[in-house]
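Student: Can you take me through the packing in this one? I have the model open.

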Amino acid sequence: MTLQQFLLILRARARIILWTFLATVLTTLIVSLLIPKQYTASTAVVVDVKSPDPVAGMVLPALMAPGYMATQVDIINSDRVAQRVVKLLRMDENPTIRAQWQDATEGKGSTVAWLAELLQKKLDVKPSRESNVINIAFSGADPAFAAAVANAFAQAYIDVNLELKVEPARQYSTWFDEQTRLQRDKLEKAQQALSAYQQKTGIVATDERLDYETAKLNDISSQLTAVQAQTSDSRSKQKSAGGSETLAEVLQNPLINNLKSDIARLEAKQQESSVNLGRNHPQTQRTESEIASLKARLATETQKISSSLGTSVQVGKQKEKELLEAIETQKTRVLDLNRQRDEISVLKRDVESAQRAFEAVSQRSSQSRLESQSIQTNLAVLNTAVEPTAASRPRVLLNVLVSVFLGTLLGVGAALFLELGNRRVRSPAELAEALDLPLLASINSTLPPPTFRETLQSFFSLRHQPLAAAAS
């Protein structure tokens, strides 16, 4: 179909197009005027996603997530918020509404759920682009009721949002309180075990006492070393082949040295007396007697020193044995103290671990308790819904403009539909093209154009002729 043919069809079917256009526009206008007026009230809620949490003191990462605003829109559209609106407005207590619910559901289900579902159908929630503002709109026949419901939805959303924040904190608080009690019991048991063990062992300051006992063991070991050295020296001196006169103790003894000096002096005197007076002289005899007495005393003193070496060896052996026993005893005591210190260290670590666990759980419990008692929310009503003065629906002018466009399309469509049902030649050129013969002359028709009814009858008669032929 060419553009010329299309225009010829529109000119031929102009009456049908006009009637279809007028019927569509008039029907739309009448329906728009008869539809009850609807009033839309809207409120706005701002969501603060950048302020830190008043309890935790930091910005929660969930608030910055891309889907956070979509989640808030879903919360506003939820049944929980709608049911809270019903309770806030006390709609379920209205006898008229309860009668309507009874007639609609025959008493089945809940009045609150039924009303919440009706409110949700007239609710429109849209987040603003590139901002944290959510617009809540509600449509109704009564302007005051529409504004009240819109404001109730904003308040219900804030309340439910706070409940969603507080309810998990309450559960956490209960759980952390129980954990705090358990950790306190563990800490008390650990402290009691440490105290009982300290009382049993008598150890208070493990490090200082252990240092004292270790120093005592080192001192005994030093004494043992000195005694062993002294005993070994005495044994060596006792076994020496030079005789007792060559011992260092004998040579260094002042008494022996004095005795030797006296003997040497008397021997010199004796020699002089023997030369001058003779050996039998009484003075010489007395000097000899004194010399013999001094030598006997010298021998006695030397023997005492030599005997003292043997005694020193025996005493050293005995003392060495005592020191060895003391060392073993002290070693056992130090080892016991080490074991007790290790046990006390383990008990102290248990106490410290229980203390840290108790403090951590107690701190988290306090924070959860504060969060469960929080009345702060990151939502605020930006604009309160007011009673609308103009109806939002129906939009008569918009509907008429749409009907003009739609009526035009329907008229053109009807014309094409009828034309296809009863195809006609609209121009000489179309006839020549259809017959593929040269056109010699044309005669104008004197008959009026067919009416819309005649066209429909012709269309349906042509549709039924093939069916009748097939049946015969």
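Predicted model: local features only at pLDDT ≥ 70, side-chain atom pairs only at ≥ 80, totals over all residues.

Student: Start with the core. How many residues does the largest nonpolar core have, and which have the most contacts inside it?

Tutor: The largest nonpolar core has 39 residues. Those with the most contacts inside it are Val 47, Leu 119, Ile 134, Ile 136, Phe 153 and Tyr 157.

Student: Which elements supply at least two residues of this core?

Tutor: Three strands are on the list, β1 (39-47), β2 (123-127) and β3 (133-140). The helices are α3 (68-76), α4 (79-89), α5 (95-105), α6 (111-121) and α7 (143-201). The largest share, eleven residues, comes from α7.

Student: What is Tyr 157 in contact with, leaving aside its neighbours within four places in sequence?

Tutor: Tyr 157 is in contact with Val 45, Val 47, Gln 72, Ile 75, Ile 76, Val 81, Ile 134 and Leu 379.

Student: On to α4. Which residues of α4 are buried?

Tutor: Val 81, Ala 82, Val 85 and Val 86. They cover an arc of only 145° around the axis, so they are on the same side of α4.

Student: Why would that spacing put residues on one side?

Tutor: An α-helix has 3.6 residues a turn, so residues three or four places apart point the same way.

Student: What do the buried residues of α4 pack against?

Tutor: They pack against α3, α6 and α7.

Student: How do α4 and α6 pack, in terms of angle and axes?

Tutor: The angle is about 110°, and the axes are 8 Å apart. That makes α4 roughly perpendicular to α6. On the α4 side, the residues that meet α6 are Asp 79, Ala 82, Gln 83, Val 85, Val 86 and Lys 87.

Student: Different topic. How many aromatic pairs does the structure hold?

Tutor: Two. In one of them, the ring centres of Phe 138 and Phe 145 are 6.1 Å apart and the planes are at 70°, so the pair is edge-to-face.

Student: Is Phe 138 buried or exposed?

Tutor: Phe 138 counts as buried, at 2% relative accessibility. Phe 145 is partly exposed, with a relative accessible area of 32%.

Student: What about Trp 175 and Phe 176?

Tutor: Their ring centres are 5.0 Å apart with planes at 75°, so that pair is edge-to-face. Phe 176 is buried, with a relative accessible area of 14%.

How values were computed:
Residues numbered from 1 in each chain as written. Heavy atoms only, no water. Phe/Tyr/Trp six-rings, centres within 6.5 Å; stacked < 30°, edge-to-face > 60°. Buried < 20%, exposed > 50% of the residue type's maximum accessible area, 1.4 Å probe, protein only. Core = buried A, V, L, I, M, F, W, Y, C linked by side-chain atoms within 4.5 Å. Helix = DSSP H or I, 4+ residues; strand = E, 2+ residues; numbered from the N terminus. Contact = heavy atoms within 4.5 Å. Arc of directions from axis to C-beta. Axes fitted to C-alpha atoms, helices over the stretch in contact; angles between N-to-C directions. Parallel < 35°, antiparallel > 145°, perpendicular 65-115°, else oblique.
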